[in-house]
Amino acid sequence: MLNAHPYNTDKQGMFWRTAVAEINPETSTLSEIIPALPIQAHHKITSAGSCFAQYIGHWLQQHGYQYCQSKLLQHETASFALGNVYTPRALLQWLTFSDDELAQYSIYQHPVSQHFIDLLLPNLNPEGYYNKADLLDVRKAVIEEIKYQLSHSDCFIFTLGLIEAWQDTLGICYPSCPGVKQGEYNADIYTLKVFQFSDILSDLTQLIEIVTSINPTIKCVLTVSPVPLTATATEQHVLVANSYAKAVLRAVAGQFCEQHAQVSYFPSFDLITMPGLKDFRYQQNRRTISSAGVNFVMSHWGQALGLDADIIDAVNIEASCDEEFNDAVLQQQQASQQGHIGLTLIGDSHLGKLAKAFARIDYPHCGGMVMNGSGFAQHKFMLVPEADIMVPLENAHSRQLWQSITANLHLAESTSSEDTCCVVTNIGLQTHQTVAMFIQWMKTHRPERLAGIEMEDFIDYFNAEQQDQLTIVLRLKQAGHRVIMVSDTPFWQHFEQSRPMAEIMRAYVDAMEYVCNQLGLVYFNAIRQFDEDIDEPMQYASSVVYDGGEVDYFHGADCYYDWLAAQLLPLVRG
């Protein structure tokens with residue numbers, strides 16, 4: 001019997017529902033997407049590419065594979081001494097350099113030290129060389145090492161990263177624009193090169209031909225870095241430039257691997273860019289665009305057509321059943337008729353419950369729960385010019401409330417009454433989300449330090465993952481408002497289910513206190529103060545039990561937030 005359609009229902013990977021929507025990426029792998037890589041335990045492996053290539057190399061080392069580490073550049077995970085290689089051209093040139101090209105333009109003599117700086121190898125010897133001959137000798141050694149590593153490898157992994165590069169008049173590509181890290185920028189010598197599909201495909205073809213001429217039996221694996229652009233030198237917004245770049249690179253990788261059977265494709269980019277379980281832009285099946293996602297896109301359409309942003313948001317208001325959201329919006333509508341309000345609350349559901357506590361004692365305030373804790377922890381916001389600080393992306397109520405909050409803050413600024421405007425916030429302290437994220441970050445980046453986490457680990461994590469959240473807080477302070485950071489609740493340590501996490505949570509909260517003090521922010525450590533003041537803590541804990549039997553160890557009861565409001569009042573009043 002003939003099939004009614006060409007789609008093979010036995011292959012679950014052909015259908016979004018079975019291949020993606022029913023898979024939890026936090027606990028499961030997409031088995032049908034995993035290629036059969038030409039790598040065995042005894043194989044020697046070299047790699048090159050953008051920064052994501054270092055993750056691949058590090059993982060191979062950690063899991064006992066014979067990764068060929070550069071002898072010339074040992075402080076980075078790399079097979080070659082080039083550091084990050086963002087384009088095929090950047091590696092190809094080292095295999096095709098002439099002696100004249102090795103000696104021109106890409107060498108910079110520092111005007112003070114007179115050292116010769118190699119702009120092509122900025123990470124190898126940043127201080128430079130006493131004479132040019134030494135620099136050229138190192139370059140030759142680098143080329144020799146590249147060829148040696150390839151000739152003694154069973155597999156070569158290359159990660160495509162960028163389509164933008166800076167070239168000189170000879171067409172030599174630089175790891176970064178001269179003048180950014182080393183050297184001086186000269187517009188007559190250095191120009192931006194944006195590689196097109198045909199350029200990259202041609203360079204990649206030539207690169208693999210040379211690699212296989214060095215080692216005819218070597219197998220190759222191609223992947224695309226999922227890491228977005230740090231910046232773009234084009235006239236495009238970096239988000240658009242990044243989408244274009246990754247689309248070009250993914251298309252090149254797809255076509256190249258189809259044309260070269262000896263080259264395997266590994267879907268790093270595809271795995272990272274698949275929709276997440278809690279992505280506000282999608283419904284539960286992670287394919288249908290949610291109303292919030294549609295509204296987010298269409299609000300930009302409206303602005304493109306010249307509509308006022310306030311009108312767009314009014315049209316796209318979404319219903320919400322969240323008590324804290326609704327209470328915050330109602331409170332703000334009432335407060336907006338009273339002129340400037342001296343106390344502003346900005347945060348997640350903890351701040352929503354704190355707002356109710358201030359309402360119970362009739363203390364004037366505005367704001368409250370702007371987003372869920374996951375909204376702040378998972379970067380569901382967009383940083384914008386400092387006047388508006390940021391735009392919450394969780395739902396329409398978040399944006400509506402945020403507009404009212406910023407209007408209140410701007411009123412204080414315009415009337416020179418910042419000294420009477422106090423902001424209480426917990427942005428960056430969503431410990432029910434961020435502590436787990438910190439542990440995962442440690443497992444990925446510093447697994448050897450998990451047994452002895454130190455303050456510097458927290459600080460490095462904050463710099464890597466919490467910088468945007470802290471930027472919001474700092475912008476509030478820079479606008480002249482008194483900012484009080486308040487920690488989450490202390491109840492983790494009192495429930496059996498959460499007690500194993502209590503120690504790391506307390507350390508996280510203490511580390512954030514240190515960072516806030518360094519930034520000149522007032523910090524109220526509610527956990528420490530509560531433990532000192534309260535003898536029977538469970539009388540202040542939440543009694544909520546979620547579906548499935550999980551207790552609410554994140555929040556407190558009303559009496560806890562009443563206690564917290566009383567503790568904060570002296571700080572709020574200054």
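Which residues in α3 are buried? In helix α3, they are Pro-88, Ala-90, Leu-91, Leu-92, Gln-93, Trp-94 and Leu-95, where buried means under 20% relative accessible area, exposed over 50%, and partly exposed in between (1.4 Å probe, protein chains only). The model is predicted, so local features need pLDDT of at least 70 and side-chain atom pairs count only at pLDDT 80 or more, while totals for chains, interfaces and linings use all residues. Residues are numbered from 1 along each chain as its sequence is written, and side-chain values use heavy atoms, with hydrogens and water left out.

**Overall architecture**

- The protein chain holds 20 helices and 17 strands; these are DSSP runs numbered from the N terminus, helices being H or I of at least four residues and strands E of at least two.
- Of the 574 residues in the protein chain, 47% are buried.
- Among contacts in the protein chain with a separation of 6 or more, 67% are between residues 24 or more positions apart; contact means heavy atoms within 4.5 Å.
- The accessible surface of the protein chain is about 28,000 Å², and carbon and sulfur atoms contribute 52% of that surface. Accessible areas come from the Shrake-Rupley method with a 1.4 Å probe, and for residues only the protein chains shown count as cover.

**Helix α3 and its surroundings**

- Seven of the nine residues of α3 are buried, so this helix is largely enclosed by the rest of the structure.
- The packing partners of the buried α3 residues are β1 (44-49), α4 (99-102), α5 (132-151), β5 (155-160), β7 (173-174) and α6.

**Helix α16**

- In α16 (residues 455-465), the buried residues include Asp-457, Phe-458, Tyr-461 and Phe-462. They cover an arc of only 135 degrees around the axis, which places them on the same side of α16; the arc is that of the directions from the helix axis to the C-beta atoms.
- An α-helix has 3.6 residues a turn, so residues three or four places apart point the same way.
- The cover over the buried residues of α16 includes α15 (431-445), α17 (467-478) and α18 (502-518).

**Salt bridges**

- Side chains of opposite charge can pair when their charged atoms come close.
- The structure contains 14 salt bridges, each defined as a side-chain nitrogen of Lys or Arg within 4 Å of a carboxyl oxygen of Asp or Glu.
- One of them joins Asp-203 to Arg-89, with the closest N and O atoms 2.7 Å apart. Asp-203 lies in α6 (residues 197-214) and Arg-89 in α3 (residues 88-96), so the pair ties together parts that are 114 residues apart in sequence. Asp-203 is buried, at a relative accessible area of 6%.
- Asp-199 pairs with Lys-193 in another salt bridge, where the closest N and O atoms are 3.7 Å apart. Lys-193 is partly exposed, at 24% relative accessibility.
- Arg-528 and Glu-513 form a salt bridge through their side chains, at 2.8 Å from N to O. Arg-528 belongs to α19 (residues 526-533) and Glu-513 to α18, so this pair ties together parts that are 15 residues apart in sequence. Arg-528 is partly exposed, with a relative accessible area of 36%, whereas Glu-513 counts as buried at 14% relative accessibility.
- Salt bridges with shared partners link Arg-446, Arg-449, Glu-454, Glu-456, Asp-457 and Asp-460 into one network.

- Ile-33, Ile-34 and Leu-271 make a nonpolar surface patch of about 230 Å². Patches consist of residues with over 30% relative accessible area and no salt bridge, like charges being joined within 9 Å and nonpolar side chains (Val, Leu, Ile, Met, Phe, Trp, Tyr) within 5 Å.
- Leu-271 is located in α8 (residues 268-273) and is partly exposed, at a relative accessible area of 32%.
- Asp-270 also lies in α8 and is partly exposed, with a relative accessible area of 24%.
- Not counting residues up to four places away in sequence, Asp-270 touches Arg-250 and Tyr-265. The C-alpha atoms of Asp-270 and Pro-226 are 7.8 Å apart in space, although these residues are 44 apart in sequence.

**Cysteines**

- The count of disulfides is zero, a disulfide being a pair of cysteine sulfur atoms within 2.5 Å.
- The closest cysteine sulfur to that of Cys-155 is in Cys-220, at 6.9 Å, which is too far for a bond.
- Cys-155 is buried, with a relative accessible area of 0%, and Cys-516 is buried with a relative accessible area of 0%.
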